[in-house]
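Dear colleague,

I am passing on the structure we spoke about, and my notes on it follow directly below. Please read them with the model open beside you.

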Amino acid sequence: MNIKLWGVRGSIPVSDPDTRQYGGHTSCVVVSQDGHFLVLDGGSGMQKLNFGQELTGKRVDILLTHFHLDHLQGLGFFKSLFNPSMEVHIWGPASSTHSLHARLSRYLSPPLFPVLIRDLPCQLHLHEIANSEFEIGPFRIRSRYVIHPGPTVGFRISNGNGAFAYIPDHEPALGLAGILDDPHWISGYDLAAGADLLYHDAQYTDEEYRYKQGWGHSGLSDTMKFATLSGVKKLLLAHHDPGRTDVQIQDLLTELLLTGQYDFPFEMAGEGMEYKIGT
Amino acid sequence: MPSYEIEIILSRQLADSLSMPVFITDTEGNLIYYNEPAEEILGKRFEESGVMPVEEWGKIFKPVDEFKNPLSPEDLPLVKTLRNVYPYHKTFWIESLQGKTQKISVTSFPIIGRSGNFSGGIAIFWKDERL
Ligand SMILES: [Zn+2]
Ligand SMILES: [Zn+2]
């Protein structure tokens, strides 16, 4: 499977000369294989996507981790939604009170957005997921609720000979004890265990996290600990804080490389980066 | 190795930050976590005992009613919660490890996650000083 990062910024898009290297668009990652496309999250990076010849069929699947605006704000600008010949499937976490349709409508309706869901010209299908397993084309997908405010899932996408774990918003260290060493007690472990590539929240420095506990994101050390305990083969640190410049992101990476001993490679996620897993 | 549901993981993190004794079980009644204040009641440390089946932890308490008649495990709030998926509350007496009788009030409730599935039970013990 091929993986391309279209947006890696956390919380709000930024556009400054000093954020150009890693990029300013919010969460959007495309996983593809044999003409099948999965779009993970609808952050502002989604606005750049345009599927044409490369699609085998007329179907595209959007997998939403949750409904915070930085994961949704690009959805209304996704070109396939306005193409009557396209079949668009949106998968999102169930809540115990409101339907997926009702929660999507909060954003895709006036006054926040001019077009109503029911007026979208594409053939739209909505799927509520929880701790679920499902298949799309060549992909087997597992979703699990993870620790983050509001109903939020992470995804594990496998194609039979490789696995990609996507957990962009995650605070596994929430609580006095932080991340516990026992896999039974680690949020998101089932998604990340042994994955070939883990894309994970690393919004804060450890110092910043001390003041932002409960906000739903991870400090760098906790991300490294989560990846270590999960036994991943490679880690991408993502959901960069909107206030972080390219130089600061590079410095944080250098510090991690110099101060820690890790038995897996890791790097900072950057817009436009591409990876290949399995076949 | 599958991890517990996040509502169970978060319950443990909450229990860890409380000063009253808290017990957490899975749906089968296995005691999967108890906090430090609860260690005093059980006379065991969680790190040492690990997960305990109901047959084991149910015997550690010696619960009695106000007439000192023994209570069966089926009368304990947490056991009832697990059987009926319903909250319970009861005041009774337990014999402490030092042989003293202690009046306690127990509140238990089922843990039901976002997807509506029952994933375990919690019991909170109050040492009742008003004898
Ligand atoms: Zn986010
Ligand atoms: Zn979020």
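This is a predicted model: local features need pLDDT of at least 70, side-chain atom pairs count only at pLDDT 80 or more; totals for chains, interfaces and linings use all residues.

Along the chain, the donors of the zinc ion (ligand 1) follow the spacing D-H-x97-D-x69-H, where donors are N, O and S atoms within 2.8 Å of the metal (3.2 Å for Na, K and Ca), and, as water is not among the atoms, sites may look incomplete.

Residues are numbered from 1 along each chain as its sequence is written, chains are lettered from A and ligands numbered from 1 in the order in which they are written, and side-chain values use heavy atoms, with hydrogens and water left out.

The zinc ion (ligand 1) is coordinated at 2.1 Å by Asp70(A) (OD), His71(A) (NE2), Asp169(A) (OD) and His239(A) (NE2). Asp169(A) also coordinates the zinc ion (ligand 2), and the two ions are 3.5 Å apart. His71(A) is buried, with a relative accessible area of 0%, and His239(A), at 1% relative accessibility, counts as buried too; buried means under 20% relative accessible area, exposed over 50%, and partly exposed in between (1.4 Å probe, protein chains only).

Strand S12(A) is covered on both faces, with Leu235(A) and Leu237(A) buried on one side and Leu236(A) and Ala238(A) buried on the other. Four bridges join S12(A) in parallel to strand S11 (residues 197-201) of chain A, and three bridges pair S12(A), again in the parallel sense, with strand S13 (residues 266-268) of chain A; two strands pair if DSSP finds at least two bridges between them. Leu235(A) stands opposite Leu198(A) and also opposite Phe266(A) in S13(A).

In chain B, six strands form an open sheet with antiparallel pairing, in the order S2-S1-S6-S5-S4-S3. The edge strands, each pairing on one side only, are strand S2 (31-34) and strand S3 (63-64) of chain B. Two bridges join S3(B) to the antiparallel strand S4 (residues 88-95) of chain B, where Ile94(B) is the bridge partner of Pro63(B).
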